[in-house]
Protein chains: 2
Amino acid sequence: MDLNLPVYADIEAAAQRIEGAAIRTPLLENPRVNDRLGGRLLIKAEPLQRTGSFKFRGAYNFISQLGAAQRQPGVVAWSSGNHAQGVAEAARALRTPATIVMPHDAPAIKVANTRASGARVVFYDRLKDDREAIARALADREGRTPVPPYDHPWIIAGQGTIGSEVIDQAGALGATLDAVIAPCSGGGLSTGIAMAVKAISPQTQCFAAEPAGFDDLARSLASGTIQRNERLTGSFCDALLAPCPGNYTFPLAKRHLAGSLVATDEEVAAAMELAFREFKLVVEPGGAVGLACVLKERLPVKDRTVCVICSGGNVDGEMFRAALATAARPQSG
Amino acid sequence: MDLNLPVYADIEAAAQRIEGAAIRTPLLENPRVNDRLGGRLLIKAEPLQRTGSFKFRGAYNFISQLGAAQRQPGVVAWSSGNHAQGVAEAARALRTPATIVMPHDAPAIKVANTRASGARVVFYDRLKDDREAIARALADREGRTPVPPYDHPWIIAGQGTIGSEVIDQAGALGATLDAVIAPCSGGGLSTGIAMAVKAISPQTQCFAAEPAGFDDLARSLASGTIQRNERLTGSFCDALLAPCPGNYTFPLAKRHLAGSLVATDEEVAAAMELAFREFKLVVEPGGAVGLACVLKERLPVKDRTVCVICSGGNVDGEMFRAALATAARPQSG
């Protein structure tokens with residue numbers, strides 16, 4: 001392969017493009033949680049990002065680089081939800097028409113929010129259809145530019161802006177990060193962040209976090225070649241169901257990530273409950289998988305400073321209530 | 001009465017004292033909510049404050065002004081919960097022993113958190129005992145300084161730091177505030193904020209918000225004299241059960257507040273659900289009463305810019321789940 005992988009300068013340029021449009025989300029800390037873990041845990045609160053997840057960053061960085069001739073017919077994206085909302089809202093902010101191809105079983109809140117941003121929604125069947133093929137056909141027919149969910153240098157650079165922000169915000173708190181962990185679906189977020197963090201703070205270890213049973217990146221890193229998930233449905237973490245690492249994200253993952261850690265659905269529910277109780281933050285299942293890994297000490301915090309990216313908060317009330325109830329059962333710890 | 005009412009300079013001094021100890025909580029905004037309301041709604045996210053509510057500000061401003069001779073025997077406070085946690089954590093930060101007198105029916109999370117900050121907890125019966133008398137007896141016996149929950153210039157000035165922050169943060173967003181609304185129990189928060197806002201931005205209207213049936217301030221403002229609530233239990237808003245406006249807060253309320261608005265428990269649950277869904281923020285019932293007033297258009301946002309203080313997020317999982325479930329029922333809108 002002969003790909004032009006993004007570099008740190010692309011993240012710096014992305015940070016300038018998104019400034020004022022995206023929110024510089026806060027880095028949260030809780031002394032009681034720190035006491036319990038015996039170290040320092042910093043939470044990057046991307047649920048407070050515009051559209052409720054980090055996806056706005058990459059989408060805005062992408063669409064803002066299109067010329068007038070590309071913006072006029074508009075963009076098309078395929079997404080289980082958060083990328084859809086990010087593209088729809090970035091397109092609205094940049095006065096560009098958007099069509100979003102979404103799975104028919106996407107959470108209702110994500111469909112409603114995508115439409116509320118003015119985008120057209122086209123549904124597909126997760127089990128039968130190829131969402132990328134549908135989106136690309138639409139793109140050909142209508143002259144729309146596809147906005148890929150993760151495997152593109154502009155998307156990776158946009159998500160990577162979180163990496164430079166957390167290093168900067170941790171510094172303002174007098175903290176030096178020993179490790180950073182971010183949820184991983186296709187890897188745009190975790191590799192973008194790792195690229196930024198490694199450029200600024202080479203001694204900081206960077207990890208991805210995946211749901212148990214959907215650990216394509218962990219297996220790809222172990223084998224050295226791209227591995228696919230066996231299933232594309234059935235995880236509590238509906239935002240983390242990409243089939244495999246991408247052609248851009250996998251080489252970046254090999255270069256910059258120290259590994260990919262895994263958490264079960266029950267552990268993710270417990271992490272959502274902790275974020276609710278101690279950080280007053282609504283985190284969706286896919287957004288809490290890094291926090292779950294930390295709480296289970298797969299990434300130890302003791303005597304260290306660890307930054308966890310909580311990447312989104314777009315969860316239905318019913319699912320959130322179920323997560324709190326699951327976590328409240330004594331047997332689930 | 002011949003009281004030395006606090007002035008804006010006290011709030012400026014408090015802001016310097018709490019800097020670095022308290023968190024400058026973010027001001028949140030959501031384009032979709034703005035579209036729906038036809039104006040601009042800014043949410044001051046005090047659930048993200050240290051201890052999960054604004055109370056840390058006043059407590060820290062108070063205890064930091066005690067001399068070594070007063071700090072050594074320590075402080076005592078009486079509280080339904082958030083003030084307790086604020087005093088306990090501020091005392092810990094300032095290496096001062098704290099005893100907290102709490103109602104026996106305070107939410108479990110608030111009791112646990114107060115203890116986790118290293119404070120001793122003494123319980124009283126909301127219906128039979130006089131909590132202030134118990135605390136003052138403890139103060140006399142052990143030489144402790146009482147930290148009153150609201151009716152003290154140092155407390156009011158500490159809470160008032162939110163007022164100067166929101167004017168400053170709104171300015172950074174290019175917004176000029178037409179109105180500010182803050183939850184009210186004894187009035188330390190709402191009058192402190194109003195004092196700061198009026199000093200910096202005299203044209204901004206300031207309102208308090210109270211739970212229906214516990215509208216002592218609204219009735220006091222209407223009658224011109226201090227009125228008491230008939231009951232001290234029975235509201236969903238467990239943080240807003242002070243018996244009446246204070247000797248300091250009432251004159252400040254008369255001077256600086258445009259009025260006090262009221263919301264029902266069901267309206268508060270709907271506001272909690274909106275904060276969850278659109279702002280990804282956990283808000284406790286008492287913290288959401290201002291937002292409830294805005295959503296019911298008792299304080300209109302249309303063609304205006306309104307700042308709502310969401311004052312705390314210390315709510316048990318069970319109560320939060322109940323609030324989301326209540327708000328999801330079609331008949332509650």
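Predicted model: local features only at pLDDT ≥ 70, side-chain atom pairs only at ≥ 80, totals over all residues.
1. Start with strand S8 of chain A, residues 205–211. Of its 7 residues, 6 are buried, so the strand is largely enclosed by the rest of the structure.

2. S8(A) has a parallel partner in strand S7 of chain A, residues 179–183. The two are joined by 5 bridges.

3. S7(A), helix H9 of chain A (residues 188–200) and S8(A) form a β-α-β unit. Its hand is right.

4. Next, A:Pro211. This proline lies in strand S8 of chain A. Leaving aside residues up to four places away in sequence, A:Pro211 touches A:Ser235, A:Cys237, A:Leu240, A:Ala263, A:Val268 and A:Val289.

5. A:Pro211 and A:Tyr60 are separated by 151 residues in sequence. Their C-alpha atoms are 27 Å apart in space.

6. Now the contact between the chains. Chain A contributes 22 residues, and chain B contributes 22 residues. On the chain B side, helix H6 (108–116), helix H12 (265–279) and helix H14 (317–328) each supply at least two residues. H14(B) gives the most, with 6 residues. By class, the side of chain B that touches chain A has 13 nonpolar, 4 polar and 5 charged residues.

7. Last, helix H10 of chain B, residues 216–223. B:Asp216, B:Leu217, B:Ser220 and B:Leu221 are buried in this helix. They cover an arc of only 130 degrees around the axis, so they sit on the same side of H10(B). B:Ala222 and B:Ser223, on the other side of H10(B), are exposed.

8. What do the buried residues of H10(B) pack against? They pack against strand S8 (205–211), helix H11 (249–256) and strand S9 (259–263) of chain B. After H10(B) comes B:Gly224, with a positive phi near 85 degrees.

Methods:
Residues numbered from 1 in each chain as written. Chains lettered and ligands numbered in written order. Buried ≥ 20, exposed ≤ 12 C-beta atoms within 10 Å, placed from the backbone. Helix = DSSP H or I, 4+ residues; strand = E, 2+ residues; numbered from the N terminus. Pairing = 2+ DSSP bridges. Right-handed = clockwise from strand over helix to strand, strands pointing away. Contact = placed C-beta atoms within 7 Å. Nonpolar A, V, L, I, M, F, W, Y, C, P; charged D, E, K, R; others polar. Arc of directions from axis to C-beta.
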